[in-house]
Amino acid sequence: MAATSISSATNKLTDQSPLLLHNTAARPSATHLSFSNSSVSLQKLSISSTSRNLKSGGSAVAAVSVLKTVEGSELASKSRSSDPVIKPPKPTILVSEKLGEAGLDLLRSYGDVECLYNLSQEELLAKISEFDALIVRSGTKVTRQVFEAAKGKLKVVGRAGVGIDNVDLQAATELGCLVVNAPTANTIAAAEHGIALLASMARNVAQADASIKAGKWLRTKYVGVSLVGKTLAIMGFGKVGSEVARRAKGLGMHVIAHDPYAPADRARALGVELVSFDQAISTADFVSLHMPLTPTTNKIFNDATFAKMKKGVRIINVARGGVIDEDALVRALDEGIVAQAALDVFTEEPPSKDSKLVQHENVTVTPHLGASTKEAQEGVAVEIAEAVVGALRGELSATAVNAPMVPPEVLSELAPYVILAEKLGRLAVQLVAGGSGIQSVKVVYGSTRDSDNLDTRLLRAMITKGIIEPISDAHINLVNADFTAKQKGLRISEEKVIVDSSPENPIDSIQVQISNVGSKFESALLENGNISIEGKVKDGIPHLTRVGSFSVDVSLEGNLILCRQVDQPGMIGQVGNILGESNVNVSFMSVGRTVKRMTAIMAIGVDEAPNKETLKKIGEVSAVEEFVFLDL
Ligand SMILES: NC(=O)c1ccc[n+]([C@@H]2O[C@H](COP(=O)([O-])OP(=O)(O)OC[C@H]3O[C@@H](n4cnc5c(N)ncnc54)[C@H](O)[C@@H]3O)[C@@H](O)[C@H]2O)c1
Ligand SMILES: O=C(O)[C@H](O)COP(=O)(O)O
């Protein structure tokens, strides 16, 4: 099929706020005349027969960006419109804990930054709805209440560090708030602190220091133990654990590790043996904890596990206090199972003054200093500032904790299909007959690429958005799309079909099918009973190219009337006249049929929504068998 199209397109973004799939552009409208002369399925549409009804619509097409803002100027530079771009207000960023200056400078260059350290939970709840972004360390509890109090304003929470156990990720995801962290910049600092605690504990440095300052000279009491030749068990062989292992090897220790998810080759490369949990804790002289605090690791070190340890074991914890049952540790220390412990982290921070654990003479403590070196704090601040600014710009961060990470190259490649995906979802759901509960949606991507080379998560999220938003008050973005779909009992399956098309375009077509529902427009049903529509991107503009088994070709902009009629001369004119008389501007028209002089489908793009009377008149045209008005 060869189609000639005349289109005028300009881009106008109206919002600088986080985009994360929030479609912020004005409703598109376009003048786009589409002719077809060689398709079997598309009826030839002559301009002269329709031109009296094709008044020029508004010329601006507001392109939707889910990725960039005006500030990025990428879209602004493509604009052919002379419309002034309204400068949106700067994003607001709350920093609730001490952050390095370099990071603050970066944040200030992009948004309005307020540093309010030591806020109480009540104060945070009262203020949070003023901010687009919140940056925290481990001291701020970002609870469900905080997300709810944000009333949809909060777009991103940045955790300036690794551990995100102080952020309610489930609530963030449900409420569509992105959470990003800074996972790499404090690794070495934490590992060095672990080694510092290991060595100082073994040689009683803290206790000896305190005793001298108290006027004592206790050379016999503080005889230590050597590290060389001893077995160190690393529990959690991730970034910090690996760096501790590397350093401990340098001290001549025998290092083993337990981590159910760690790749064996990384351990092998460091000369570390990966072993089971029980083997690790029962053979080690020193046990160093480096796993995250999760429901699985919560109090994973308890009476039962201490009982399996070698008598006289020494424990270091620079991970999270919650992985240890602190009362059980006190008992193990009192019983001599654990000879010493060195702790940087606690279940409750700060721990109470009279904590038996903190006061225990065989325990060395530091106030959560693992990440606290000048270098690490500057690094973390920049890492989190970049991630938060990126998220506020609508880019997806590589350190997103609760959203799929879509690499930038995939994002830019899929950008044109993002609008198509949402429009198809929006259109498909409007074809469902009232009272039908949608449960199952199938998306078929026609692509030149095989499944491994086509990342469709972004498109699936947009189709979900298009389907769910018109029928609920949910606000869908990439963060909460899958969650919300699941919650609403919507199953979305995807299929990729290899097609012979230009290899430069990752996607040739997207088809959305909804099964087991009735349709307001029977012609949209396939033989298998599924509602089916298909679209393509043409010259950067999303087009509807198939309804049920009928081919059409209209750009997916403004509103659409789908009409099935007897395939006979004069139909376009009749319907066009009714619209023209009601001052409804036709922007597109396309007619598709399966068999000549039988039944045809007319897809008419209209700038204005026709009133009830006009729609009634269309329904009264004797050859019109069914029609539906769709709001795109
Ligand atoms: N004290 C501090 O200031 C400080 C600084 C940095 C990191 N941390 C904490 O250290 C921990 C590790 O940080 P990281 O950057 O190495 O994270 P990481 O994600 O790189 O490593 C964590 C490792 O723990 C493993 N793990 C998960 N569940 C486990 C289980 N049940 N048993 C054993 N291993 C398990 C994971 O597979 C992963 O390899 C985190 O809790 C982090 O919050 C503390
Ligand atoms: O998880 C982390 O990154 C560390 O625990 C550091 O926490 P902090 O930012 O509160 O020092």
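How many Å separate an oxygen atom of ligand 2 from an N or O atom in the side chain of H368? In this predicted model, the distance is 2.6 Å. Taken on its own, ligand 2 has 310 Å² of accessible area, and the protein covers 91% of it. The surrounding residues are R137, S138, R159, A160, G161, V162, G163, N186, R320, H368 and A371. Sorted by class, this shell holds 3 nonpolar, 5 polar and 3 charged residues.

Turning to ligand 1, the model places 25 residues around it, with K239, V240, D259, V318 and D344 the closest. The side chain of D259 brings an N or O atom to 2.6 Å from an oxygen atom of ligand 1. Backbone N or O atoms contribute as well: one from A371 lies 3.1 Å from a ligand 1 oxygen atom, and one from G238 lies at 3.5 Å from such an atom. The shell here comprises 12 nonpolar, 9 polar and 4 charged residues.

Helix α19 (residues 571-581) and helix α20 (residues 612-620) have axes that come within 10 Å and cross at roughly 165°. The two helices are therefore roughly antiparallel. The handedness of the α19 and α20 crossing is right-handed.

Key
Residues are numbered from 1 along each chain as its sequence is written. Chains are lettered from A and ligands numbered from 1 in the order in which they are written. This is a predicted model: local features need pLDDT of at least 70, side-chain atom pairs count only at pLDDT 80 or more; totals for chains, interfaces and linings use all residues. Side-chain values use heavy atoms; hydrogens and water are left out. A residue is near a molecule or strand if one of its heavy atoms lies within 4 Å of it. A polar contact is a pair of N or O atoms within 3.5 Å; within protein, one must be able to donate a hydrogen and the other to accept it, and residues adjacent in sequence count only if both atoms are side-chain atoms. Accessible areas come from the Shrake-Rupley method with a 1.4 Å probe; for residues, only the protein chains shown count as cover. Ala, Val, Leu, Ile, Met, Phe, Trp, Tyr, Cys and Pro count as nonpolar, Asp, Glu, Lys and Arg as charged, and the others, Gly among them, as polar. Axes are lines fitted to C-alpha atoms, for helices over the stretch in contact, and angles run from 0 to 180 degrees between N-to-C directions. Helices (H or I, at least four residues) and strands (E, at least two) are DSSP runs, numbered from the N terminus. Angles under 35 degrees count as roughly parallel, over 145 as roughly antiparallel, 65 to 115 as roughly perpendicular and the rest as oblique. A crossing is left-handed if the near helix is turned anticlockwise from the far one by less than a right angle, and right-handed if clockwise.
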